[in-house]
Amino acid sequence: MTTFIAVLYIISFALFIYGLMGLTGPRTAVRGNWIAAIGMGIAVIATLLTPGMSNWLLIALGVAIGVVVGVPSARKVKMTAMPQMVALFNGVGGGAVALIAWVEFRTTEGYAHEPAYVAIASLFAAIVGSVSFWGSNIAFGKLQELISGRPITLGKLQQPVNALVLIAAIVFAVVIAVGGDAELLMIGLLLAAGVLGVVVVLPIGGADMPVVISLLNALTGLSAAAMGLALDNTALIVAGMIVGASGSILTNLMAKAMNRSIPAIVAGGFGGGTAVASSGSGEVRPVRSTSASDTAIQMAYANKVVVVPGYGMAVAQAQHVVREMAKLLEAKGITVAYAIHPVAGRMPGHMNVLLAEADVPYEQLKEMDEINSEFAQTDVALVIGANDVTNPAAETDPGSPIYGMPILKVNHSRSVIVLKRSMSSGFAGIDNELFYDAKTSMLFGDAKSSVGEIVEELKAL
């Protein structure tokens with residue numbers, strides 16, 4: 001039986017890796033998810049076959065509750081709410097690890113007679129899992145707008161408080177590791193780690209939230225791997241390390257895409273509010289408005305059109321009508337591409353997921369480094385709800401909070417049309433200098449309705 005269980009675990013984490021490979025593109029992502037899910041199912045079966053497994057009623061009850069809560073939630077959630085759902089589900093994983101560590105503490109009477117590595121790994125998992133759980137809940141609250149998206153800080157006390165809470169969690173862990181078996185010690189550790197998760201994420205603004213989600217996901221994976229080491233569970237170790245490693249790589253790539261270091265993000269972000277569209281002197285600056293008819297005519301006579309999607313497209317659920325517009329342009333012999341900024345939207349790959357849902361060909365999705373060199377040859381750049389990631393101030397204004405952040409250089413296009421509801425700012429809370437460029441025209445209104453009007457005009461041409 002032991003050999004059989006080991007074989008099942010090997011099969012399961014082989015499927016994890018193979019499934020992860022499928023996530024490299026929209027065409028294979030669904031299949032990759034299914035393959036990884038099958039691997040997880042095999043891992044669960046292998047765990048249930050472990051000798052000494054009992055409490056079948058509680059296990060069945062837990063599985064039933066998870067299915068009843070998870071499946072309807074995943075099926076009914078709107079794409080606009082997907083980032084906060086990812087944050088919430090990720091937090092649940094970290095919370096589960098923290099609770100398992102607590103159970104391990106209780107069943108071993110404070111890790112008495114357990115090897116040192118078991119206590120260390122379990123305590124590490126408890127701290128990181130609790131940080132991930134509470135931090136993810138704060139991220140969920142910010143994304144759901146239950147909490148202000150602006151940084152909520154303690155001012156000069158922020159970093160000392162962060163350090164104090166971290167030291168408290170470590171002190172509790174050290175006392176337990178050297179022999180402390182009082183239940184209050186573990187409760188204190190979990191509470192200190194939970195407070196740490198809250199005070200670290202609260203000061204991070206909306207502009208940095210995609211990186212935060214990725215970072216917390218990586219932390220959950222690392223905590224799961226540590227708990228797997230403590231429990232001698234191969235599948236948990238491998239799955240946790242895959243999540244931890246991939247999440248860490250993604251976090252680093254996204255931080256680089258924003259020209260920000262991970263420590264700087266954790267120390268406190270920017271953004272999260274609205275600002276009046278005005279110049280630094282307080283004077284309202286004029287912008288040029290356009291209509292759906294003029295936009296359709298301009299694109300119909302273009303050779304190349306680049307669509308730049310952002311969170312505004314997600315809110316309006318405009319991806320399908322955007323795809324319909326692109327088909328009409330392509331039928332007229334016009335080249336259409338989509339410019340994807342790594343942090344557009346509210347979670348990693350947000351725009352890719354939305355456009356894949358609308359069956360946009362994968363080869364038309366251009367990453368920032370690839371598309372930036374093409375804007376100079378672009379006749380019309382159609383910006384749909386993207387704000388900070390197209391702001392030229394990132395290159396021209398050293399005093400801007402986004403200065404140095406790589407952007408999509410849509411201002412190099414021959415013409416720019418921006419679809420927005422109003423002149424409100426993005427997550428960074430600053431004006432977008434692109435709106436006032438002489439080459440830019442603003443088409444105000446709901447993105448889905450505006451693109452729908454453009455589609456009708458294109459059909460009439």
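This is a predicted model: local features need pLDDT of at least 70, side-chain atom pairs count only at pLDDT 80 or more; totals for chains, interfaces and linings use all residues.
Residues are numbered from 1 along each chain as its sequence is written, and side-chain values use heavy atoms, without hydrogens and water. Local features need pLDDT of at least 70 and side-chain atom pairs count only at pLDDT 80 or more, while totals for chains, interfaces and linings use all residues.

**Aromatic pairs**

Rings of Phe, Tyr and Trp (its six-membered ring) pair if their centres lie within 6.5 Å; planes under 30 degrees apart are stacked, over 60 edge-to-face, and the rest tilted. The model has 2 such pairs. Select Phe105 and Tyr111: this pair is edge-to-face, at 5.7 Å centre to centre with 70 degrees between the planes. Next select Phe133 and Trp134, which are edge-to-face because their planes stand at 80 degrees, with ring centres 5.0 Å apart.

Now colour by accessibility (buried is under 20% relative accessible area, exposed over 50%, partly exposed in between; 1.4 Å probe, protein chains only). Phe105 is buried at 1%, and Tyr111 is buried at 5%. Phe133 is partly exposed at 26%, as is Trp134 at 42%.

**Nonpolar cores**

A nonpolar core is a set of buried Ala, Val, Leu, Ile, Met, Phe, Trp, Tyr and Cys residues joined through side-chain atoms within 4.5 Å. The largest has 43 residues; select Val308, Phe375, Val383, Leu408 and Val410, which touch the most other members. Centre on Phe375: beyond its neighbours within four places in sequence, its contacts (heavy atoms within 4.5 Å) include Val306, Ala339, Ala381 and His412. Apart from this core lies another, of 39 residues, including Ile340, Met351, Leu355 and Leu382.
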